[in-house]
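Visitor: I have this one open on my screen and would like to talk through how its parts touch. Could we go over it together?
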Amino acid sequence: MDLSAINPILLIAAMIAASTPILLAAIGELVVERAGVLNLGVEGMMITGAVCGFIIAVNTGSPLVGFIAAALGGALLSFLFAFLTQVTLANQVASGLALTLFGLGLSALMGQSYVGIKPPQMVDTQMGFLSDIPIFGPIIFGHNIIIYLGLLIVAGTWATLKFTRAGLVLRAVGENHDAAHALGYKVKRIRTLAILFGGACAGLGGAYISLIRVPQWTEGMTAGVGWIALALVVFASWKPWRVLLGAYLFGGITQVQLNLQAAGVVFPVSSIGITIIIICVIIASWNLIFAKKKSRQYYFWLLFLSIAGVFFTIFFQGATVPFKVEYLAMSPYLMTIIVLVILSADKSRAPGSLGRAFHASQ
Amino acid sequence: MKLSHLLAAAALAASFAGAAIADGHGKTKVGFVYVGPVGDGGWTYEHDKGRLAVEKEFGDSVETVFVESVPEGPDSERVMTQMALGGADLIFTTSFGYMNPTINVASKFPDVKFEHATGYKRADNVSTYSARFYEGRAIQGHIAGNMTKSNIVGYIGSYPIPEVIRGINSAYIHAAKVNPDVEFKIIWAYTWFDPAKEADAAKVLIEQGADVILQHTDSTAPQAAAQEAGNVVTFGQASDMGQYAPFPRVSSIIDDWAPYYIARTKAVMDGTWESIDTWDGIGAGMVGIGEISDAVPADVKAEALALKAAIADGSYHAFTGPLKKQDGSDWLADGETADDGTLAGMSFYVEGIEGDIPQ
């Protein structure tokens, strides 16, 4: 068997589609954490969004209305978390875990009579001649609207956090809530809004699974995606574009490994070297363009790694081993962590007030 | 006279008290540990139907408890311990990965009876039970080999354990028998239940040309993916998955645990429970074949039903020689059938299947 069994256009389209639920949930959680709140209830909000979206989409016949309902459902559940942590000052970790358990149970209850029903299908957006461009058409312009919405939210979050006053205030609240409070900002109100935003995004991500990716309702169908989104926020150093990169890496490699398994492709050993070189080049150019000045040593190490990669490639040229399925299965986790950890070598750190309760009298 | 009255009254009171104590414990408590949610529509759903059948059969004299979505591994040990401490008399642990945890917990609670599904480790208070799903896979393979036009059959495996490998081999043997050109593409999902991943795996297989999908994972997600693709045949797994009939789901393997669960609960009540190894198939009714839908041509359906009858009455074994292993070495001579020991530990593909089994 060879690679010809894999259709690269379908593969890339599938990679983008598979990344979207994680991306939506993670970008929502990123905003929450940048406001200084740790909400471990992502999984619960996702599954609630999944069931709300499914029920409404089936009853109204419109997937779009379903997605709106999913966002509302996720936000509503997160409001419970906001009440617990912002008003009653309950412990955030415990409240978040409770939210996950509650969401899983609630969704199972709500969805009981919806098992085995086929939801209305989401039509891909038609972009006229754009979708007909060979290769790029199906990859870039052939998706449903939620995928573009996800990208839009990432861009919007990045721009808001970086360039607007509202973003600055939100970050201030997350970095040091006492100082923000002293300046007259409404810490609780801002945090509550951030939590609601996070809930809405998680709900959208959940509905993406139940309405588009699988399309059906099954109890517990998010199966841990929320936890991956949570981890992704940390590994992405609370930066929106890195969340996007991480989500695409994770979703993408998951798809690639499934494709490789099905095609029974053998593994060219030299590709390890090539991968190392590519990663080093990407990181170096990323840092040259976006990041502040690095020490010379940093680039020296990258150069060293690249040269090692070149030698590796030449040495193992033409050698192949069969893919080990167990390594393929772990590769999405491994690669995402490695890339994001290397990127976070720039001493990014968590928001200063992350996970701490705030009360004006303290 | 008076004294004898008194003694009699005392004896009577004592016997009542004894009866009361016995009655207090008379309510047999049965616990179930599930790997997925009870609403998965597949594996766990059928186990829970078995639990409900136990409740219906014994009414007030039995109490059942269950914990769903328990990860395989150390976490399951905690759940089982909790159940045993909570007074369970009999605990069913319903996934392969609970094998070692079950043995560990059972050694700490010698008075509690344990039943582990699909495993091979037993103890004085641990029984094992499983169904010969591979018999059902033979019928699926027969239909799959006939139905595929692209000659590519996709197979979503969960974990590379003997149970799953048996299924792949059995399906392949019978598909290749009616269609020598058939090719199996196998994806290991490394999960029992993850609808999104199962759907992705099904879509990948469909993209790579498969027009029949067999699954050994628990959710109905692959059925939904096949339905969306439009021209892909599937089979219900563990449960009938009849909501996807008549197409894409053309038949199914149904696990029927209820009679076994009722019998074992009864054995605990009567005090006749012993550690045994049960491995029943189509003949005993533990494996059912869901209705073969009209999407299957009548002659194929008739052959499939004949195959089912032959397996049920024991006149045909799903692993009958001549068969070779994947590496070309001889396994079974002409007419020879596989013994249960080999089947229980099966860790090789039969000849014709491509790819390696992950270790």
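Visitor: How many residues of chain B are in contact with chain A?
Guide: In this predicted model, 33 residues of chain B are in contact with 33 residues of chain A.
Visitor: And which elements of chain B give two or more residues to that side?
Guide: On the side of chain B that touches chain A, the elements giving two or more residues are strand S7 (183-188), helix H7 (195-207) and helix H8 (221-229) of chain B.
Visitor: Which one gives the most?
Guide: That is H7(B), which supplies nine residues to the side of chain B that touches chain A.
Visitor: What about the residue classes there?
Guide: The side of chain B that touches chain A divides into 14 nonpolar, ten polar and nine charged residues.
Visitor: Changing topic, what domains does chain B have?
Guide: The domain assignment of chain B gives domain 1, made of 25-131 + 257-280, and domain 2, made of 133-254 + 286-344, and the C-alpha centres of these two domains of chain B lie 28 Å apart.
Visitor: How many residues are in contact between them?
Guide: Between the two domains of chain B, 17 residues of domain 1 are in contact with 16 residues of domain 2.
Visitor: Which elements of domain 1 give two or more residues to that side?
Guide: For the side of domain 1 of chain B that touches domain 2, they are helix H2 (43-58) and strand S11 (277-280) of chain B, with the largest share, four residues, coming from H2(B).
Visitor: And by class?
Guide: The side of domain 1 of chain B that touches domain 2 of chain B has eight nonpolar, six polar and three charged residues.

How values were computed:
Residues numbered from 1 in each chain as written. Chains lettered and ligands numbered in written order. Predicted model: local features only at pLDDT ≥ 70, side-chain atom pairs only at ≥ 80, totals over all residues. Domains from an automatic or database assignment. Contact = placed C-beta atoms within 7 Å. Nonpolar A, V, L, I, M, F, W, Y, C, P; charged D, E, K, R; others polar.
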